[in-house]
Protein chains: 2
Amino acid sequence: MNIVCSKENLHSGIQIVSKAVPNRTTMSILECILLETDGSQVKLTANDMEIGIETKIDAQVIKEGKIALDAKLLAEIVRKLPDNDVTIEVKNDFITVITCEKAIFTIIGKSGSDFSSLPEVEKIDSIMISQLTLKEIIRQTIFSIGHDINNILMTGELFEITGDVLKVYSLDTHRISIRKVYLKNSYPNRKEVIPGKTLNEIMKILPGDADKDVTIFFTGKHVIFEFDNTMVISRLLEGEFFRTDQLLSRDYSTKISINKKVLQNCIDRAMLLIKEEDKKPIIMSISDEVMELKINSVIGSMNEDIEIEKQGQDLMIGFNPKYFIDALKVIDDEMVDIYMINPKSPCFIRDNDNNYVYVLMPVNFITVDGA
Amino acid sequence: MNIVCSKENLHSGIQIVSKAVPNRTTMSILECILLETDGSQVKLTANDMEIGIETKIDAQVIKEGKIALDAKLLAEIVRKLPDNDVTIEVKNDFITVITCEKAIFTIIGKSGSDFSSLPEVEKIDSIMISQLTLKEIIRQTIFSIGHDINNILMTGELFEITGDVLKVYSLDTHRISIRKVYLKNSYPNRKEVIPGKTLNEIMKILPGDADKDVTIFFTGKHVIFEFDNTMVISRLLEGEFFRTDQLLSRDYSTKISINKKVLQNCIDRAMLLIKEEDKKPIIMSISDEVMELKINSVIGSMNEDIEIEKQGQDLMIGFNPKYFIDALKVIDDEMVDIYMINPKSPCFIRDNDNNYVYVLMPVNFITVDGA
């Protein structure tokens, strides 16, 4: 192989596929990026056996071929090269010479044939969504996936397509996050569970352009994301996702409207007084026009009054402050509505059209606080 | 104690004195900042028994007094308060209430009387230097102090005052850094060794204003830095600093002039191929107009030609690339002159007026490289 490409293209291609290079593996070939000529382009591939990423960059192909190069070393070398054309030439015994201006690096690659290629799948069923929207709905839900591998479906997110509506669900044992977006086209109904790890990587490498689309193919066992010159393939999680309908009642006995930023800052301050391991709840005492927030810990105590608009009954209810902050952080509205029933029933943070619904289980502060 | 001050002043005061709060200590009072009213100001003090820092902020003093508050907790609380006036009121049993707008924190302090006060020293002999100059000369020399506590003088820097000239020296077993600056006034000759740790903290908290001065008092056993509303006190290191005169010969057999940035980038790239523990030298082959840089390691090899202007003999010489980079990083000149004698004698990077002199010991590449 002998190719010439710009440092910039090569660098950005490596950055994209590096997301599928495993940190620790016993198979050193997986720590490599495969470079392979493809017409007047070079295809870069990485594959950690869960996610595979492939991206193409423009290049002048002097001699066709392929080579697997250590991903970290290649990334570091390319990052430190001058901003100019880079030549990569493979000689006998996988000796690879990388030249840019007067700098000449010589490293040893591995046979491209040893690289585990990505699964071949038929691309038939697909949906289209803008890069920005996909990036946003992942960010707005990914924080509440579970991390218990014994409960594998919780480690993924449900993508539910109904006509032109895409709903994304994530949940762990304490909370549920749901986001709804409208697609440009209508599609047959479909429910698929995509691994959280895949979505996290997609979120990182998606440029997030509002005018450009991502095509998502579902192939039974796999999902493929295609955008720009990049393709990401991942296994789907098998099994039926948790049913949340019965939890999502619209009943409430107390509804408050509150300035989101004020509430978020207040809980953020309160969290200073809690250490990770210690499960102190934040206690909200809701009365007409005012909510008092209070936290008590071995470190000290904090309380703060926040103006609210209230409908319904007064209420005293406790929450894990981190879960509350997680949801508030990804809501862009200035004011949020919070719906509650009683100190033991789930609380809802949602807008009128259910474009977002964040469900939080309260914490039993009576026993925890000893009050 | 009962005081009101702006969040901004309090926050910046805490940031300054926090540099003297120890990370780990068995004496929990040392983890505190002492707040003490002083006329219409509040004095903040921290003391890790090696360095003490004191700074004053404007405040409305409602009731005089003092209190020691956990430094980390106080810093975090203040950082997260709204940008407004902060009230700190000490009640019975050192219960301290911090109020800002509607947020009320209650924490438990410690008796201000238990705090170890800073040593009282007479401020007589002093020199003046601009904040910017002091900050710069520390930055330009501190990287080459030693870290072996069995060789305690190497962990400090020599400040040598001769008339209106201040020379700062730092050295370890492989290199020497010397910077020279002119002071606005002349002072009696003096040599003092200031701990590197103190200088590191000074460098961090000095605003670095070119128009404002730092007064440095030497009191036999201590050094005091005074600037703005802040005072830093530290012990001096006792003993005579290493004599470097005989090393600083001006003889050379090879002199090269080279573009600093080009050389720095080239060595930076070469360092990709070395792991920390592995002591591979970078080898420079100097001939007329060109210097070839070369490195060989288990990871791969790199070579690169750089244009130079040469006087004297051709030379092949090896260096620890990190030491070379450390010196180049803090030189602002576009072109640097490098003076060498032979592959075993010290090499000098210096300007014509000796405003900077960086001395590096070469590495014996013949045995290391097996060439």
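1. Two strands pair if DSSP finds at least two bridges between them. In this predicted model, that criterion applies across the chain boundary: strand 9 (residues 103-108) of chain A pairs with strand 20 of chain B in the antiparallel sense, over 5 bridges. Within this pairing, A:T106 stands opposite B:S301, a residue of strand 20 of chain B.

2. The same surface serves both copies, since 100% of the contact residues of chain B recur in chain A.

3. On the contact itself: chain B gives 22 residues and chain A gives 22 residues. On the side of chain B that touches chain A, at least two residues come from each of helix 2 (71-80), strand 9 (103-108), helix 5 (260-270) and strand 20 (300-307) of chain B. This side of chain B has 11 nonpolar, 7 charged and 4 polar residues.

4. On helix 2 (residues 71-80) of chain A: the residues A:A71, A:L74, A:A75, A:I77 and A:V78 are buried. Seen down the axis of helix 2 of chain A, the buried residues fall within an arc of 170 degrees, so they line one face of the helix.

How values were computed:
Residues numbered from 1 in each chain as written. Chains lettered and ligands numbered in written order. Predicted model: local features only at pLDDT ≥ 70, side-chain atom pairs only at ≥ 80, totals over all residues. Contact = placed C-beta atoms within 7 Å. Helix = DSSP H or I, 4+ residues; strand = E, 2+ residues; numbered from the N terminus. Nonpolar A, V, L, I, M, F, W, Y, C, P; charged D, E, K, R; others polar. Buried ≥ 20, exposed ≤ 12 C-beta atoms within 10 Å, placed from the backbone. Arc of directions from axis to C-beta.
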